[in-house]
Each structure stands twice: as C-alpha cells, then as structure tokens.
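Student: Could we go through this structure together? I would like to understand its strands and its aromatic rings.

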Amino acid sequence: MAQWDKLRQLSDSYWQQLHELYDRDGLPMDVRHYLSAWIEKQEWQRAARDYSLAMVLYQVLLENLDIQHSRFVQEESFLQQHNIRRYKQTFQRYQDDPCALAKTILWFLEKEKEILDSAELDEQVQLLRVEQEAMETTCQQELERKMAGLRNDVQCLEHAIICLEEQQDEFDFKYQTHKMEAVTDEAQRNGLMKLFQSLINRLNECRKSTLADLNKLLDRAEDLINLLVRKELVDWQRRQQKSCIGAADNVCLDQLEKWFTCVAVCLFQVREFLNKLEELVGKMSYENDPVKVQKPTLQRRADDLLKDLLKSSFVVETQPSMPQGKGPLVLRTNVQFSVKTRLLVKFPELNHSMKVNVSMSREAPQIKGYRRFNVLGTATKDLNIAESLSGGMVADFRHLSLREQKSGGAGRGISDISLSVTEELHIIYFNTVFELKGFSVELQASSLPVVIISNSSQQQSAWASILWFNMLSLDPKDIMFFANVPAAPWPQFAEMLSWQFLSATKRGLDDDQRNMIAHKLFGKQQNYDPCKVTWSKFMKENSPDTFFVWFDGILVMVKTYLEDLWREGLIMGFVSKGKEKLLLRRKKRGTFLLRFSESVVGGITFSWVEIDANGEPDIKTVQPFTKVDLNQIQFHEIIRNFQILEAENIPESPLLFLYPDTPKDEAFGKWYSEISGGDNPYLKYIKTKLMFVSKENTLEARSPMHCDMTQGEGPEPMNGLYGEAAGESWLSSLSNPATTPSSNQSFLVIRALCHCFSLAVWCGSSSAGSIRYVW
C-alpha cells in the first residue's frame, strides 16, 4: 500500500500529527494528496544531490500541477483551481535551485515515515497488551482446569477409600465367620485359605493403588501451590505495589481466595484420608503392609504443602494509610492510620477464632540513626467475615498510631550508612495462629515498606520515596533500598507519572505529554527509552528545584481546581514553549492552548495567536495562574471573561478557539456559571486597580497575590504603590499632566462589566508589553 494511503487510514491522533507536519511551508497537503502516487515513485534522495534529475522532477511537478488544474476546471471547482495556481507560483521559487525542492519533499516523506513507524509501534504494543490479556485469561482457564482436576481426584480418592474399607470389611467378615466355624476337612480348609489369601492380595493391591493415587493427588496439589504461591500471589503483590502508586491494576483477592481455599480443603481431605488409612491399618494389617511404610511420608508431605499454602495465604489486603495522607504507606507519628489483613483460606468455622496482633520489627537494620517505633491503639483484632464486603476473613485495624521510641539504642549498627527520615523504610508485621482439625501453624503477614514522618511538611518527600520504591523494587521487604538506590528507566518512569494523573483525575498522560517531560529531563533525544532518571534528580530532601516538586505541584493543582477540564482533554498541559509556538504559529487569530508553567510550581497559563501590524502571527502568553488565583475564580470563568483593551478599541476576548480549532464556548460552555449580574459570585473579587505593565515582548498577566517576584523578573511598582493606594495615585495622575505616564509606560485596568471581568490595556507609544493585573 502507498505511504499516503497508509497515513490516511491512521487514527485521529496521528492525523493530528500529520496536520501539524503540513502546517509548515514547503509542501502543501493538497499537492501531497493529489500527486501522492507520482511523488512516492520518484528518487528524491538522488535528486537532492543531482541537479539534472532535480530539474527534470521540478518540471514534471509543474506539469502535474497544470494537469490537476485542468481537472478542477472541468469539475468547476473554483477554490481548488485557485489553490493549485497559487501552489504552482510558490514552487516557481525553486527554479534556480531544484535540489532544494527535492530536499524539502524528501524531508516531508521521511517525517511521514516516522509517523507511520510510530503508529505501527503503538499498534504492536496494543497487540501485545491484547495478547497479554488473552494470555492471562488462558492462564486462569488453565488454573481452573487444574483446580477441577484436583477436586475430581479428591472425589475419586474418596470413592477409593470407601471401596477399600468395604473390601477390608468383606475380608474381616469372612475371616471371622471362618474362625467361628469348625472346618475339619483339610481340602475345604485349604480352599478357604486360598480364598483369604486372594482377598488379602486384592486388598493389598487396593491399598497400593490408593497410596499411588494419594501421591498423584499431592503432586497435583504441589503443582497448584507453586502456581498460586510463586506466581499468582507474587503477581498480585506486584499489582498491589503498583496500585499503591496509582496504577489501575486489579487487586481484588476474591479469585485467589477461591483457589487457595479449594487447595486447602483438598489437603485437609487428604489428611482425613490418611487418618482413615491409619484407622483401617489399626483394624487389620499384615506383613509388608504398604500403608505402614508409605503413610508417614505422605503425612509429612501433605502437612508441609498445607503449611506452605497457609503461610502464604495471610496477606495485607489494604496497605497502611492515613485518612488525610498524600497516599498510602506514608504514616505520621501520633496520627491514626488504618490497615486491613486477610486470610485467603476461608473456613467459616474459624470466624472470630483467630486473633491478629500488630507489631513493628524489634531488630533495626545496620543503618546509622535508624529509628524504631511502638504501635499504639487496638493492636489485636479477630479475623472475621463481618468486616469484609466480599465475605472474606479479614482483620480491619482502623485506629492504630505510631510513637517513636526515645530510648533503645537507635543507630547502634556498625554500618556508616545514613539515610534521611523520608528514605527510612519500616515494615509493620501481623501475626496469628491457624488451628483447625488438629493442624496448627503460625502465620505472619507484613506490610509494604512505609515511610514514617513527624511533620506534614515531609509528606511530599515521603511520597516521592514510596513512588520510587514501589516503581522499582521487586523485593517488598527491602528496607535497605535507599542505601543503594537504582535509577529508573524512562519507560517505567513515564508510566509511573501517568499513573499519578490517572489515579487523581481518571486521565493519564498521552505520548506527547510524556515526550515533553522527557525533553525537560534529558534534553532533545532521538529515543528516550535508553534514558534513566536518578533518584537525586527526581527528589532529594532539601533540594527545592527537583523534578518531583514541579510535577507534584501541577498534579495537586489539576486535582484541586482543573480536574474536569483535564479529564475532558482540554488542557494540553505538558508542552514546552518552543512546541507551543510551533503549534500556534500556523493557526488563525484567537487560537489558544492551555499549558503548565515550566518555571512556576503549580502554575497554569494560556497562550494565543495575535496578528501584528505586518500580518505575522504573534504569540501572547499570560503569566501563570496558581492556586491563589484559582481559589478565587474558577479557571473556566477566567477563560470565559478574559478581555483586552488596546488603545481605544472595544474590549474583546483574544481567546476564540481552543487548539486546534474548537470554539471556546463549545469547549468550556458546560462549566460556565449561569448566574449573571450582581448575583455572580465572581464579581466580588473584581475591582478597578492600578496594574503594572512590563516592556517584555510577551503578554503576561498575573494576580497581585504573586507580588513576590524573583529579582530581575517583572517590573517594579511605580512610586512604591500597590493596590488601592496605587490606583488612587494613578487616577489622580490622569488629570495632572505633570504626572501623566511617560510614553514607555503602560497601564492595565480590570473592570467589572455586567457579569464578567475584563482585562484592559492602556497602551502608550511603546510596543505591547507584558501585563500584570490585580483583582
């Protein structure tokens, strides 16, 4: 299939990339479309170096355009006739340098190929995901098949035990009858002895067969336990790790509980079978009895398998978390937290009979200054069914807290390893005893490592540690992880970042947004997959400019103020200033996009297209809005009512079309406030005040709450005035020529107009400047 035809079959997201590609000058999309077959057959790479070939192709291109123009004349397509004639005139500039035209077309074809390659790669990834899901379904079906086989084996063995008992009863009855009868005839007696020997032989074979079946059943049970404990449970634990940091993985334990319970029930039945065999042997045995020889080995094996299963069946279903915490696994001293344990082997007769105790490890690792804690609150609870919505055996601890030990030799270890408070990892342990039908075993479950803080200001750093550990560590008990912390591969790191938005807003990061973040971290690269992010670059205590501080500030802002807009895909968000200009410069006047600030933590801004006096696009940007602004006016209302007055023109909104071309009211209309006039709650924040206007080339507006400018950034307040006082001074200056603003100064006034607010620029003779505004 031709390359252009393949491109036309791509999804909308790739069509958007194609539109952005052909927004550039050089090769109009119309020409590419109508001459696609001819263009793709030519040797543009050779023509880029061969003047003669390039000139031939140039002439043929113009001829093809003439042919296409004639077709549009016949079809009476006036607009297309005009466009083709204009394109031909544009191409005539290559008359003296046809090689440049060849290079241009070659470049476009190569960029198309990159889009196709990207689409094919995504398709392969999606196919792998589908295959993985199908594989998971196949694995579950295989596991269910093996479970059914185990249950069937148990039923068959139960029937075999019954038959064995019947055979033994038959032999016993006939033998006891023979003893009561005085048989004197030697031949008759010999015949009876042969009969009894035959019965004994048959009974012996039946016992051997039963023992062989028991061995096979235990083989099947061992195979299933290996699958459950070393694969399914490990997979669940990894999914739980990822879900703690935002992944939308399935961590429901109901299916595992069914499988664990099924195997446990079968193993308890095996123990009953072995007890029954012992009972039968007690009634009757003989020389070389196979039950006496094999039963102890089978008993130990069955008990070991059951013990292995039960020890793995006690898990932490819901990891420790505080009600108002940033995320799970970050705990604060003297603040209550909750945690839930669950026994995956469900026996209703054990309801409220197993007590679970909570404790912290008494042995500190070899880390200098490592703290130790005591668990306070109700540290003992019964495993019960009532506290589980799904009917599982759980112990739900809701009112636990931690207190640091003030004595006890913290940091007595011989190691010189020292970690910050938020890099210390601690594990909470849960202990209980399983006792049923004469079988007893001690069980222990442990939480994922938690970070314990003493101040709320440490939450962000602590959460960064939890993200890093659960993203990278495959050992859920590795509390020495940060002693030699690994770097994160970019694909894994990007996925973790997307999970943060996915869990907070139900919408993750797309490829373009991930690429912008990668560019911020690594600079421009052909392929970011080999790149790695170090822990120190991501988040290190006492470093205010780390990546996570910036990223988390954006996430908090979006979750608190912009969740609806983000979820609808209206915020492009992670896009660099350079990419922003590239996207907007070919768009019509009034096209705007929303992006997160790269320099202001927790800031969002918008940029739009203006047309300057020379008819060229001019990209304007407001200074970022932060939570102080958004606490007072919702962002969609800012976008709705944003207006600019230049010179004496009528105030108008410069924001007309959300990129790429969606009318503003169509994009944001459903969130507009329906209250108008004096009842509009936003009006109370809108007052007329003096504004400060810088002489920068970009238009930047900002709220007065952000008057703490960095040195050298933005203008200084005139006459040292600000707010109402400054406004009065400026108003009085209008009537006093001696104090009239000079031509290189500009002022901005915000005015309440009915139910909206306007940003108005009073411009002097200087060029448009950067706007700061006050509400």
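Tutor: We shall discuss the sheets and then the rings. This is a predicted model, in which local features need pLDDT of at least 70 and side-chain atom pairs count only at pLDDT 80 or more, while totals for chains, interfaces and linings use all residues. Residues are numbered from 1 along each chain as its sequence is written, and side-chain values use heavy atoms, with hydrogens and water left out.

Student: In what order do the four strands of the open sheet come?

Tutor: The order is β1-β3-β7-β5, with antiparallel pairing. Strands (E, at least two residues) and helices (H or I, at least four) are DSSP runs numbered from the N terminus, and two strands pair if DSSP finds at least two bridges between them.

Student: Which strands stand at the edges?

Tutor: They are β1 (314–321) and β5 (373–377); each has a single partner strand, so one side of each is left without a neighbour in the sheet. From one strand to the next, the twist averages 35°. Axes are lines fitted to C-alpha atoms, for helices over the stretch in contact, and angles run from 0 to 180 degrees between N-to-C directions.

Student: How many bridges pair β3 with β7?

Tutor: Six bridges pair β3 (residues 337–343) with β7 (residues 393–404) in the antiparallel sense. Lys340 has Asp396 in β7 as its bridge partner.

Student: And which strands are joined to β4?

Tutor: Strand β6 (residues 380–382) is joined to β4 by three bridges, and strand β8 (residues 428–436) by four. Both run antiparallel to β4. Val356 has Lys381 in β6 as its bridge partner, whereas the partner of Ser359 is Tyr429 in β8.

Student: Changing topic, how many aromatic pairs are there?

Tutor: The count is 41. Rings of Phe, Tyr and Trp (its six-membered ring) pair if their centres lie within 6.5 Å; planes under 30 degrees apart count as stacked, over 60 as edge-to-face and the rest as tilted.

Student: Why is the pair of Tyr22 and Phe108 stacked?

Tutor: The ring centres of Tyr22 and Phe108 are 5.0 Å apart and the planes are at 25°, so the pair is stacked. Tyr22 lies in the loop between α2 (12–21) and α3 (29–34), and Phe108 in helix α8 (residues 98–180), so the pair ties together parts that are 86 residues apart in sequence.

Student: Are those two residues buried or exposed?

Tutor: Tyr22 is buried, with a relative accessible area of 8%, and Phe108 is buried at 2%. Buried means under 20% relative accessible area, exposed over 50%, and partly exposed in between (1.4 Å probe, protein chains only).
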